[in-house]
Structures are given as C-alpha cells and as structure tokens.
Amino acid sequence: PPSAPLPCPCALHASAPSSEFPPQRTADRRAMSGERVKAQAQAATSEVKAGKKETNGSGPDNCCIRPGRVAQVTDQFLRDIPKTDLHLHLDGSLRLETLIELAKEQGVKLPADTPEGLRQKVFKDTYRDLPEYLAGFQYTCAVMRVGGALERIAYELACDCFGEGTRYIEVRFAPQLHIDPSCKKDSKGKSGGGAGKEGAAAAAWEGQQVDRPDARLSDCISAIYYVDKGLRRASEEWNRGEAVASGEEPQYRYGIICCAMRMVIGQLSPYYCSLCALHKYEPMRKLVAYASRSLAAAAVHARDNLKLPVVGIDIAGAEKGFPAEWHMDAFNFAKKNFMDKTVHAGEGYGPQSIFQAITDLHATRIGHGFHLFSWDLAKAQSSRFETDEEAKKFTEGLIEFISDKRTTMEVCLTSNLQTMPELKGDVKNHVFREMVDRQLSVSLCTDNRLVSNTTIPKEYRLAVDNFRLTLKQIRDIAVSGFKRSFFPGPYKEKRAYVRANIDLFDAMVKKHFYRSSANLFGRDNATTDMRVLSG
C-alpha cells in the first residue's frame, strides 16, 4: 500500500451542483439506491470511524466508498488495473525508432530521419483531416513486407502494451497489404515467406528449417505466421515474470484479427496490384468479394491447420460507396467455420453501416460505432425514411438491438477526436457518454498507437477526466473488454481468465484506496463489492 494518502475515489468537486451529474436510469436507481445500499455504506463508514478499517484519509467523512460519487483516480491506478485493447492496428502502432531503422534497411525513403522530425511532419497530435491522418500508413506498410520486420513490430507492440498493464490484446492487420505474390521462390521451389503446406509457416510447424525472416512475404499465411511469432515471443517473456508464473496474476494473452479491405485498388499493395491487373475488366465489387473470401479462407486455415491464434476477421477502409454486403460471402464462410467477426462501421457513415455489419456480416463487435445515435444521418443517407420519426424509430430499434445482444462498441476516443470534425476538437462531444449512460457494452481501444500518439492508459485517462466516470463504470468498461474478447481458447478457459482479471482489478482498488487487506464489508474470501463505488 502507498505510504502517502491518495485521492478518494469518490470525492466530489466541492463546487459541483448535483445537477451536473447525469441522471441514472431506472434500473440503476433500483439497484443502487434503497435502504440496503445506504446501510452498507453507513456500516462501512462506521468501521472507518471506529478504527476497524483504514482509508486513504481523504474524501467526505474520510470515507472513499460513499455511493453516487465520481471516481478520482491516479495515473498509476489506471496503469495497474488489468485492461484490454480489442481494436489495435499493427500497421498504425510501430515504434518510431523501429520505423526509421527498417526504412534504412529496406531502402524506404521517409520525410524525416528522426523521431522528432516524423512527429512534426507525419505522426502528429492533431490532423487537418482524415487524408492527413492516413498519410503515415504509406510509410509503415512499406517496411512491413518482410517477415522479420513483421515479427519485430509485433513483438515490440506486445511488449509496449503489456508494460502498460494491458493484459490482453487483439492485434489486427490486413495481410494482403503486406504480401507480394510475385516474389521469387528459392531453389527448392518454396517462396521466401511460404504458402500453405509448402511455405515457411506450415514448414516451421512441421519442424522443418525453412523460416526465412529476411525474405519478402508471398502469401497471407506467411504474414500471419510472422505476426504470431512476434506476439508469442513477447507473451512468453512476460509470462515468465514472478507474479504470473506463480499464479498470483493472470497471464498476458493475445489474438490476431485479419482485416479485409472495403476497396481494392492497385496502389494499396503488390497483391492488389496483381489482382487488379489479372481481372482488370471485373467490377470493383467482385474484386473486393474475391479478396475478402480468399482472406477468410486463409484465416480459417491458419487457425485450424496451423494452430495459429487467429480469432476473428474484420473489414476496414472507407464505408461510403463500399458497402458491407460486398463481403457477405467471406463472412458467411467465417460464420460457418465458427470464426468471430468485428466490423469497422459507423465511423465514416451513419447507422445503416452498423445495421449492415450486424445483419449482413453477423458482427458481434463494432469498430468505432460513433454514428450509432445519428438518426439525422440515417434519414439523409437513405431513401427508405420519409420522415424524421421513421429515421428515429429505425435508429432507436438499432440501439436497443445492439444493447440487448451486447454487441460491443470498440471506442477509440483519441482517434475519433483526430479524424471527426463534428467533435470540434472537444472529446466531451463524443457519444461515449451516451453509450455509457445507455449501458451499452463498450471497450476502450487505441486504434493506432503511433498515428494517434496514444496508449490504453491514456484512453482511460481521457475517458475518466472528461466523462466523470465512477469506479464501477471504469470496472464495467475494463471487464467488458475481457468478456467480449475473441479469446483464443476453450470457453471454460476464457471464463477462468476473465474471473482472474476481475479479481486483479478489485485487488488494485484495495491496493490504491484501502490500507486494510480485508474486503470492504469484512466478508472473508469475498471480492470487493463495487456497488457502493458506483454512481
């Protein structure tokens, strides 16, 4: 326990009138008010005054478990609690020093050769518009077509996340952006990266020595293999730590999500260039469908035959003009093979994009989902709604369906702040507040650590400071990430992992806000009762 008093987690700003706090929903009031909860809080306060329980010495009546209070938490607390990052792009999350080194090794020209120069010219804190935000990906993807580079980037990313207390990550990337089908084969007829049973991935799993990290990647399987190799090395290293090895803390785990692209143009990668050249008379939608279906097949093969932890598929890219229905064949294939699905939707288009994601593509998580509540966009972007009331009814029905089915919103506050002019530079304008108030399943994510210059602790700090979250809300957000993850293991194993991380969260509450090792209400072997820490 810290030797100096810490801020009370439920301390109020003294001058803040009660009207500033958002009203609770009826279900919340039934659960959180009433004589029972009041009696529990009073009993805990009496224990403190009687000397039976110590607190951090701050807050009203020296009690930090009073109900209806907004959490005041330290940066260290936000680092110590177990967290997830379910929306984490590999090609947007490199270390700047690594990008510079790889660019020199591979002969890729960058706008600057120092981290400071790249921060000033490319990877900024704020961006003029979405094209400027996306400009950096041309440089990151250019150095990610070699197996060793993918492995290093994945390894460093996992180490950075684990070092910030993020226990579970799902790293997503688009393998087809990183492969070159035209790369030459070696003297044995095997391509440098490997394909299917004749490539580095399958051969490595069969114990053959054909792993060539310096070779250009020729197919999706080889790209997935090297990403897994880096992530696996990092997790194994971190899991050798004393606290994890002893079973005192849960392991650091990961999964891989494969992204298909909503559009196919030759400039994106050598793979797409070859595809467009071979089928130059085919319409865009057919090329997209073919590439997406091919990726889904590779993802299932990597999971089932090579035992790589591919846990889901996704589609990324511009929503407007590139509808989700183009990917129906791929996602139906994934569904029939029990592969989980998340979809970027509601970021650059209205509620219809989210509707397509959950109906056409069977998505159980939504990347961003910012425009979920935008009934005005639903009306403006569709001819099916003649009146405002019809658009509102559709949007409300969509919200209720997503709420009831616990479709999780992968919220990326900093990224949205940088790419969405409607926020007007103020994160308080984000719909995250409404998502929390309506009790949607939400998880805080980074999106792109390098491009957005953010981390998971930063995202939590941003949410806590701007949306006046209670400790219970922080806990709910953290737990949602674990519960709604596409965990690469049996269901029973996932349940045990989720439970271990919940217990660790509660232990961190005690560590940071309570000196006594007993739980809040003195019940032996019981976890911290977070109900009195809620607002």
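Student: Why does F162 count as buried?

Tutor: F162 has 1% relative accessibility, so F162 counts as buried; the term means under 20% relative accessible area, with exposed over 50% and partly exposed in between (1.4 Å probe, protein chains only). This is a predicted model, in which local features need pLDDT of at least 70 and side-chain atom pairs count only at pLDDT 80 or more, while totals for chains, interfaces and linings use all residues. Residues are numbered from 1 along each chain as its sequence is written, and side-chain values use heavy atoms, with hydrogens and water left out.

Student: What makes Y252 buried?

Tutor: Y252 is at 8% relative accessibility, so Y252 counts as buried.

Student: Why is the pair of F162 and Y252 called tilted?

Tutor: Rings of Phe, Tyr and Trp (its six-membered ring) pair if their centres lie within 6.5 Å; planes under 30 degrees apart count as stacked, over 60 as edge-to-face and the rest as tilted. The centres of F162 and Y252 are 4.9 Å apart and the planes stand at 45 degrees, so the pair is tilted.

Student: What makes F487 and Y497 a tilted pair?

Tutor: Their rings are 5.4 Å apart centre to centre, with 35 degrees between the planes. F487 and Y497 are both buried. Ring pairs also link Y168, F482, F487 and Y497 into a cluster.

Student: How do you know that the charged end of R293 sits over the ring of F333?

Tutor: The rule asks for NZ of Lys or CZ of Arg within 6 Å of the ring centre and within 35 degrees of the ring normal. The charged end of R293 is 3.9 Å from the centre of the F333 ring. K392 lies over the face of W375, at 4.7 Å from the ring centre.
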